[in-house]
Amino acid sequence: MSYNSLEEIVRECEEKALPFDEIILLDDMNERNVKREDSLAAMYGMWEAMKRADAGYDGNLKSRSGLVGGAGAAMKAYVESGEALCGSFVGDVMASALAMGESNACMKRIVAAPTAGACGVLPAVLVNYQKRNGTPDEEIVRALYTAAGIGQVVAARAYIAGASGGCQAEIGTASAMAAGALTALRGGSPSQITHAAAMALKNLLGLVCDPVGGLVEVPCVKRNVIGSVNALSAADMALAGISSRIPPDQVIDAMREVGDQMHPTLRETGQGGLANTPAAREWCAAQEEE
Ligand code: SF4
């Protein structure tokens, strides 16, 4: 995609009087030299894969390492008990985010959006949004273009991989994409979409990548929950008329600066942060003995 800044996309929306997602769809057609129906078919395919992955979750599965499994089912049962502090909608989003993260750890098919580690964020908010509101697939697919546009700008200005910029780049970007998609679904303006994305990213700035044993399991699965819930709150803030004091593109630039300064032990090497706790080291040592 050709956009290097969110501001540029917003300007295009205003100049052409088109919604955010249409600008990104046109850009995709142009960049990949495909027809509208082909671009849409590819995005539909992505959405169908997300829904299938969500529906296909098996709460009885454990990852090969044994580190994760069953949390999505436990959360779902808790939500169904009516006791969840966050209520049923947010509770369901949390359960889906855990489920997708676990499915990834259990080698099931997922959609990396933007990465496998952060694969639970977008589906968790969108699948449950659709279930709650009966939103047609077409509208969700359009929101996925909004998410894609945000993700592309982050990738162009900074990065989306934990190995490059820490978990802020993975879960942070996924959360920004989801916040923008939700804001679009609720009828937010292009500017509100970018501010929702910015607020989501700001809230996760500095988040390190510290997977135990180098496996995309701990803390990754549960970080999908915070990415999802953070997206909901950022979208609601934007829709309430609250904006990011720091312009959205500058927030992305700040994320890059923070990522550049992050010590290598905190960038997916499995050597720092949670990966370097006594519990994590003991677990790793036990694996080596086996
Ligand atoms: S901790 Fe690292 S591997 Fe895990 S989700 Fe975050 S960026 Fe990805």
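Colleague: By class, how many nonpolar, polar and charged residues does the lining of the largest pocket have?

Modeller: This is a predicted model, in which local features need pLDDT of at least 70 and side-chain atom pairs count only at pLDDT 80 or more, while totals for chains, interfaces and linings use all residues. Residues are numbered from 1 along each chain as its sequence is written, and side-chain values use heavy atoms, with hydrogens and water left out. A pocket is an open set of points on a 1 Å grid over the protein atoms alone, with protein on both sides within 12 Å along at least five of seven lines, and its lining residues have an atom within 4 Å of a point. With Ala, Val, Leu, Ile, Met, Phe, Trp, Tyr, Cys and Pro counted as nonpolar, Asp, Glu, Lys and Arg as charged and the others, Gly among them, as polar, the lining has 17 nonpolar, three polar and two charged residues.

Colleague: Which element gives the largest share of the lining of the largest pocket?

Modeller: The largest pocket holds about 370 Å³ of space, and of the 22 residues that line it, Met43, Met46, Ala148, Gln152 and Met177 are the closest to its centre. Two or more lining residues come from each of α2 (20-32), α3 (36-55) and α7, where helices are DSSP runs of H or I with at least four residues, numbered from the N terminus. The largest share, seven residues, comes from α7.

Colleague: How many residues of the contact of α3 with α7 are charged?

Modeller: Contact means heavy atoms within 4.5 Å, and on the α3 side the residues include Arg36, Met43 and Trp47, while those of α7 include Asp137, Leu144 and Ala148. By class, the contact has 10 nonpolar residues and one polar residue, and the number of charged residues is six.

Colleague: How do α6 and α7 run, roughly parallel or roughly antiparallel?

Modeller: The axes of α6 (residues 121-133) and α7 come within 11 Å and cross at roughly 155 degrees. Because an angle over 145 degrees counts as roughly antiparallel, α6 and α7 are to each other roughly antiparallel.

Colleague: Which residues of α7 meet α6?

Modeller: The residues of this contact divide into six nonpolar, one polar and one charged. From α6 come Leu122, Leu126, Tyr129 and Gln130, and they meet, in α7, Asp137, Ile140, Leu144 and Ala147.

Colleague: Which elements give two or more residues to the lining of the largest cavity?

Modeller: A cavity is a set of grid points where a 1.4 Å probe fits but cannot get out, and the largest cavity has a volume of about 30 Å³. Its lining, which includes Leu6, Ile150, Ala197 and Val251, has 10 nonpolar residues and none that are polar or charged. The elements that give two or more of the lining residues are α7 (137-157), α10 (190-203) and α12 (248-261).

Colleague: Where does Pro219 lie?

Modeller: The peptide bond that leads from Val218 to Pro219 is cis, and its omega is near 10 degrees. As for its place, Pro219 is in the loop between α10 and α11 (220-239).

Key:
Grid points are joined across faces, edges and corners, and a volume is the space filled by probe spheres set on the points. Axes are lines fitted to C-alpha atoms, for helices over the stretch in contact, and angles run from 0 to 180 degrees between N-to-C directions. Angles under 35 degrees count as roughly parallel, over 145 as roughly antiparallel, 65 to 115 as roughly perpendicular and the rest as oblique.
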